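Biologist: I would like to learn how to read a model like this one. Please take the terms one by one and then apply each to the case at hand.

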Amino acid sequence: MDSQCFEALRQLALSDNTEVLSCMAKLKGEFPVVTAKIHTVYTARSLLNMQRKTTHHLHEEGVIDGGENARLKTAIEKKMHRLGKFHASTRCKALTKEVIVRNVPWMEGLGDCEQLEVVYLATPKEYHRGEYLIKQGQE
């Protein structure tokens, strides 16, 4: 890979990271509990990945033998699995209709009365993962 290509990819990654950090800052302001959970899971996952790499490195350098490497790797994988189960089992409290309507960009121009009318007329509907909200050509 030439240096120009590498630099272009590096700049793209940095701009994506900046956008993610900006979105996280906005999210933290409006939903601090959700943000705290995201940071906790991300930090735990990062630490486990670092442990995995360190264990691999120690084995390659001959500091630990194959059996110890396998034992440590299994323990790390169990923790990673438990973290995934914890993350999947915890649910965020559903947002109220008022909060949803207040945060829809194209409804910002509505006055309080109009927003309340939308809230009153809105009907909650539950969707499951993979289920379509609307398909092309439907009205």
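Modeller: Start with burial: a residue is buried under 20% relative accessible area, exposed over 50%, and partly exposed in between (1.4 Å probe, protein chains only). With a relative accessibility of 29%, E68 is therefore partly exposed. Before going on, note that this is a predicted model, in which local features need pLDDT of at least 70 and side-chain atom pairs count only at pLDDT 80 or more, while totals for chains, interfaces and linings use all residues. Numbering runs from 1 along each chain as its sequence is written, and side-chain values use heavy atoms, with hydrogens and water left out.

Biologist: What is the mean pLDDT of the chain?

Modeller: pLDDT is the predictor's confidence in each residue, from 0 to 100. The chain has a mean of 80, and 89% of its residues reach 70 or more.

Biologist: How much of the chain is buried?

Modeller: Of the 139 residues, 11% are buried. Accessible areas come from the Shrake-Rupley method with a 1.4 Å probe, and for residues only the protein chains shown count as cover. The accessible surface of the chain is about 12100 Å², and carbon and sulfur atoms account for 60% of that surface.

Biologist: How far does helix α2 reach from its first C-alpha to its last?

Modeller: The expected span of a helix is 1.5 Å times one less than its number of residues. Helix α2 (residues 32-60) has 29 residues and reaches 42 Å, close to the 42 Å expected. G62 follows α2 and has a positive phi, near 85 degrees.

Biologist: Which residues in α2 are buried?

Modeller: They are T35, V41, L48 and T55. T55 counts as buried because its relative accessibility is 8%.

Biologist: Which residues is T55 in contact with, leaving aside neighbours within four places in sequence?

Modeller: Contact means heavy atoms within 4.5 Å. By that rule T55 is in contact with I64, N69, L72 and I76. The C-alpha atoms of T55 and E68 are separated by 9.1 Å, the two residues being 13 apart along the chain. For the chain as a whole, among contacts with a separation of 6 or more, 43% are between residues 24 or more positions apart.

Biologist: How many salt bridges does the count come to?

Modeller: A salt bridge is a side-chain nitrogen of Lys or Arg within 4 Å of a carboxyl oxygen of Asp or Glu. The count comes to two. One joins R52 and E77, with the closest N and O atoms 3.0 Å apart. This pair links distant parts of the chain, R52 being in helix α2 and E77 in helix α3 (residues 66-89), 25 residues apart. R52 is partly exposed at 30%, and E77 is partly exposed at 33%.

Biologist: And the R71 and E68 pair: what is the N to O distance?

Modeller: Their side chains meet at 2.8 Å. An α-helix has 3.6 residues a turn, so residues three or four places apart point the same way. R71 and E68 are three residues apart in helix α3, and so are separated by about one helical turn. R71 counts as partly exposed, at 48% relative accessibility.

Biologist: Is Q115 buried or exposed?

Modeller: Q115 lies in helix α5 and counts as buried, because its relative accessibility is 14%. Not counting residues up to four places away in sequence, Q115 touches V101, R102, M107 and L110.

Biologist: Which residues form a nonpolar patch on the surface?

Modeller: Patches are made of residues with over 30% relative accessible area and no salt bridge; like charges are joined within 9 Å, and nonpolar side chains (Val, Leu, Ile, Met, Phe, Trp, Tyr) within 5 Å. Here Y127, L133 and I134 form one, with about 330 Å² of accessible area together. L133 lies in the segment after α5 (112-121) and counts as exposed, at 61% relative accessibility.

Methods:
Helix = DSSP H or I, 4+ residues; strand = E, 2+ residues; numbered from the N terminus.
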